[in-house]
Amino acid sequence: MKQIRLFAAGFMLLAAAVAGCTGRTGKAATAAVPEVYMTRDISPAGLDAVYEALGREAKGKVAVKISTGEPGGNNFLKPALIGDFVRKIGGTIVECNTAYGGGRAATADHLKAAEEHGFTAIAPVDIMDAEGEIALPVVGGKHLKEDFVGSHFPAYDFTVILSHFKGHAMGGFGGALKNMSIGIASSAGKAWIHTAGKTRTDLWNNLPEQDAFLESMAEAAKAVADHCGERILYINVMNNLSVDCDCDAHPAAPQMGDIGIFASLDPVALDQACVDQVYASEDPGKVHLIERMESRHGIHTVEHAAAIGLGSREYTLVDLDRTQPQQ
């Protein structure tokens with residue numbers, strides 16, 4: 001099996017490169033190349049299928065990291081989609097408070113938003129920084145030496161990073177890497193990442209140049225992955241593909257169609273595969289999401305994550321709807 005190496009650099013080049021191809025490297029696939037599983041079935045059954053394909057059981061006290069969604073928005077992953085899966089693994093939905101104000105900056109408000117969006121009806125909800133934060137070491141970071149996460153996070157035996165893949169006003173796009181970095185960071189930890197380690201209190205007056213922010217997201221994600229070891233897995237749902245994040249109270253309406261559910265044991269491969277799927281889509285509405293990703297240099301988060309050893313940008317895409325790896 002040969003795979004094509006894709007770069008998020010130019011619309012026409014990428015559209016041509018991915019025609020009829022699925023992987024992202026010119027090298028022959030080996031056992032070391034991570035697998036990314038996909039289904040076009042965006043349903044509870046599809047979610048269960050990609051989880052089972054991973055072959056890694058979520059057991060013990062399981063944290064399911066989602067975005068509960070800012071009040072006013074409606075693109076977040078719905079309880080009707082994820083409820084059966086969360087119950088199956090006995091998961092607790094986990095979040096941390098925001099650093100930008102809004103309806104989820106305080107624990108009581110955040111829990112109210114989670115209830116209004118239906119999440120408390122499917123599982124317990126834990127705002128992990130409600131009682132403070134702890135520091136996780138960042139190994140090999142360029143900007144961060146530590147990552148500040150909710151103090152409840154170490155109490156969990158296993159973590160499922162269940163992400164809604166979509167655009168993002170600052171990061172270009174949000175997938176597994178953003179969900180596990182900024183998402184698991186405490187409120188102050190979010191400011192720490194956004195400012196590339198300058199401050200934990202004064203976010204908006206200390207924003208760095210863009211690549212430093214993106215690199216800091218990758219470094220914080222690595223701290224979480226290093227903490228978990230093999231006690232973690234990653235799922236991205238590519239639906240409601242707005243250019244805006246679920247943290248936006250008034251996100252733009254999606255202008256391209258849904259794609260599917262993707263899962264991997266490698267968060268870098270997973271996010272790269274989802275980016276590649278946007279470029280490979282035949283939906284003309286993709287130009288809006290591509291513009292958002294490219295204008296923010298969003299792919300650099302993936303590039304830096306791979307450079308610091310978090311994962312691989314090379315992958316084998318396994319289409320579960322066809323039951324065979326695509327050639």
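Contact here means heavy atoms within 4.5 Å, and helices (H or I, at least four residues) and strands (E, at least two) are DSSP runs, numbered from the N terminus. With these terms in hand, the meeting of two helices can be described: Val275, Val278, Tyr279 and Ala280 in H8 meet Lys286, Leu289, Ile290, Met293 and Glu294 in H9. The structure is a predicted model, in which local features need pLDDT of at least 70 and side-chain atom pairs count only at pLDDT 80 or more, while totals for chains, interfaces and linings use all residues. Residues are numbered from 1 along each chain as its sequence is written, and side-chain values use heavy atoms, with hydrogens and water left out.

The protein holds 10 helices and 13 strands. Of its 327 residues, 58% count as buried, where buried means under 20% relative accessible area, exposed over 50% and partly exposed in between (1.4 Å probe, protein chains only). Among contacts between residues at least 6 apart in sequence, 74% join residues at least 24 apart.

Helix H8 covers residues 267-280, and helix H9 covers residues 286-295. Their axes lie 9 Å apart and the angle between them is about 135°; axes are lines fitted to C-alpha atoms, for helices over the stretch in contact, and angles run from 0 to 180 degrees between N-to-C directions. H8 and H9 are therefore oblique to each other, given that angles under 35 degrees count as roughly parallel, over 145 as roughly antiparallel, 65 to 115 as roughly perpendicular and the rest as oblique. Their crossing is left-handed, a crossing being left-handed if the near helix is turned anticlockwise from the far one by less than a right angle, and right-handed if clockwise. By class, the contact of H8 with H9 has 7 nonpolar, no polar and 2 charged residues. In this classification Ala, Val, Leu, Ile, Met, Phe, Trp, Tyr, Cys and Pro count as nonpolar, Asp, Glu, Lys and Arg as charged, and the others, Gly among them, as polar.

H8 also packs on H10. The axes of H8 and H10 come within 10 Å and cross at roughly 150°, and that makes H8 roughly antiparallel to H10. H8 passes H10 in a left-handed crossing. Val268, Asp271, Gln272 and Val275 take part from H8, and Ile299, Val302, Ala305 and Ala306 from H10. This contact of H8 with H10 has 6 nonpolar, 1 polar and 1 charged residues.

H10 has a further partner in helix H7 (residues 210-228), whose axis is 8 Å from that of H10, at an angle of about 50°. H7 and H10 are therefore oblique to each other, and H7 passes H10 in a right-handed crossing. From H7, Asp211, Leu214, Glu215, Met217, Ala218 and Glu219 meet His300, Thr301, His304 and Ala305 of H10. The contact of H7 with H10 has 4 nonpolar, 3 polar and 3 charged residues.

With a relative accessible area of 28%, Glu303 is partly exposed. The side chain of Glu303 makes a polar contact with the side chain of His300 at 2.8 Å; a polar contact is a pair of N or O atoms within 3.5 Å, where within protein one must be able to donate a hydrogen and the other to accept it, and residues adjacent in sequence count only if both atoms are side-chain atoms. Leaving aside neighbours within four places in sequence, Glu303 is in contact with His297 and Arg313. Glu303 and Ala218 are 85 residues apart in sequence, yet 8.8 Å apart in space, C-alpha to C-alpha.

Helix H6 (187-194) is mostly covered, with 7 of its 8 residues buried. These are Ala188, Gly189, Lys190, Ala191, Trp192, Ile193 and His194, and what covers them includes strand S5 (133-137), strand S6 (146-150), helix H5 (176-181) and H7. Thr195 lies in the loop between H6 and H7 and, at 0% relative accessibility, counts as buried. A polar atom of the side chain of Thr195 lies 3.1 Å from the backbone oxygen of Thr199. Beyond neighbours within four places in sequence, Thr195 is in contact with Asp202, Leu203, Asn206 and Pro208.
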